[in-house]
Amino acid sequence: MAFYVLCTVMSPLFLIGYIMWIGGTLSSGRSGVSGTAQGPLSARYSEHNFGTRPDEAADRLLRALPGVPGPALFLTTAPVFLAHRLTGYVPRAFRYPYEGKVSPQYEASARIGFFDAALERYLPDVTQFVILGAGFDTRAYGLANDLRVRVFEVDTLPTQTVKRKTLEKAGIDSGRVTFVPADFEEEDWLDRLTAAGFAPDERTLFLWEGVTMYLDRAAVEDTLRKIASTAAGSVVAFDYFTSEPFESSSFYWRYGRAATSAAGEELKFGVDSTPPSRDRLAELLRSCGLSLTEQQTLGEDTQKRRAWGGFAIAAVEKAA
């Protein structure tokens with residue numbers, strides 16, 4: 001295919017840019033900023049520039065982000081975008097919504113459409129939108145001006161500080177967002193959220209993207225219980241791993257565990273992968289006071305080939 005031939009010809013430029021990018025990422029990691037937060041932003045940036053999912057804020061935020069040298073960003077992306085413009089081809093990872101079976105390496109891209117759909121479905125019926133472990137999420141900066149919803153972003157102070165500075169540098173208006181610094185494993189994020197103006201008795205959409213797998217079980221269950229303590233009709237949209245990524249001896253998962261550990265963000269939590277894994281997830285949610293309303297299994301989900309993750313939406317049930 002012409003697209004890949006062109007990419008191969010320009011691959012030396014990509015390699016140089018990639019090395020520069022990794023160096024910048026490692027440098028920014030020493031500031032305490034989440035290294036894994038950059039991946040989802042890069043996926044949305046790419047979709048924006050392929051023309052499949054407009055996200056002006058993601059484009060501007062990544063270009064201004066510390067640890068992303070301008071030359072590195074250009075060298076790693078320009079060859080691919082040029083090949084796209086010459087051939088019209090869009091790589092599968094950046095088609096929107098994602099098409100077909102989701103492989104582990106494309107999870108971050110595939111989940112974008114799932115969460116976007118959740119926002120479209122639930123935001124009109126809630127008064128609050130809370131992004132847990134917001135990282136460099138940009139959804140709050142593309143909401144319609146007439147949407148009457150209060151927006152909160154919860155994340156660790158180092159990541160949040162860098163984000164706020166970068167938003168200002170990029171000229172992105174963050175006036176509608178209330179930033180709440182909190183560490184899920186060490187602090188009561190709901191107390192801090194409430195102190196910042198959150199109303200627990202009002203229906204809320206919680207978005208919890210790309211976070212659960214990096215928390216210990218106690219923090220995951222505590223967060224789910226806190227969500228369950230909010231108003232009936234509130235919902236949480238999240239993604240998760242099963243225990244398969246922690247137990248698998250495959251090269252992909254062994255490399256994944258080593259890479260995240262080296263980056264200082266070790267994989268910690270997975271839902272029991274015993275099939276059907278959907279039932280195991282529902283049991284976990286019920287034990288925390290939530291009801292599973294929507295779920296997409298990732299992987300085969302059989303005794304021989306276990307599911308490795310999923311996307312889900314859970315709701316706070318009405319009081320009896």
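Which strand and which helix each supply at least two residues of the lining of the largest cavity? Select strand E5 (235-241) and helix H12 (277-287). Helices (H or I, at least four residues) and strands (E, at least two) are DSSP runs, numbered from the N terminus.

Before going on, note the ground rules. This is a predicted model, where local features need pLDDT of at least 70 and side-chain atom pairs count only at pLDDT 80 or more, while totals for chains, interfaces and linings use all residues. Residues are numbered from 1 along each chain as its sequence is written, and side-chain values use heavy atoms, leaving out hydrogens and water.

**Stop 1: the cavity**

Show Trp-208, Thr-212, Val-220, Phe-238, Tyr-240, Phe-269, Val-271, Leu-281 and Leu-284, which line the largest cavity. On a 1 Å grid over the protein atoms alone, a cavity is a set of points where a 1.4 Å probe fits but cannot get out; a pocket is an open set with protein on both sides within 12 Å along at least five of seven lines; lining residues have an atom within 4 Å of a point. The space inside is about 40 Å³. The lining has eight nonpolar residues, one polar and no charged. Here Ala, Val, Leu, Ile, Met, Phe, Trp, Tyr, Cys and Pro count as nonpolar, Asp, Glu, Lys and Arg as charged, and the others, Gly among them, as polar.

**Stop 2: the sheet**

Seven strands form an open, mixed sheet in the order E3-E2-E1-E4-E5-E7-E6. Strand E3 (177-181) and strand E6 (290-298) are the edges; each has a single partner strand, so one side of each lacks a neighbour in the sheet. From one strand to the next, the twist averages 20°. Strands pair if DSSP finds at least two bridges between them. E4 (residues 204-208) runs parallel to E5, joined by four bridges. Pick Leu-207: its bridge partner in E5 is Ala-237.

**Stop 3: two helices**

Select helix H3 (residues 38-50) and helix H5 (residues 70-87). Their axes come within 10 Å and cross at roughly 35°. Axes are lines fitted to C-alpha atoms, for helices over the stretch in contact, with angles from 0 to 180 degrees between N-to-C directions. Contact means heavy atoms within 4.5 Å. H3 brings Tyr-45, Ser-46, Asn-49 and Phe-50; residues from H5 include Leu-73, Phe-81 and Arg-85.

**Stop 4: the second largest pocket**

Finish with Asp-116, Leu-119, Arg-139, Gly-142 and Leu-143, the closest to the pocket centre among its 18 lining residues. H6 gives the most to this lining, with three residues.

Conventions: Points joined across faces, edges and corners; volume = space filled by probe spheres on them.
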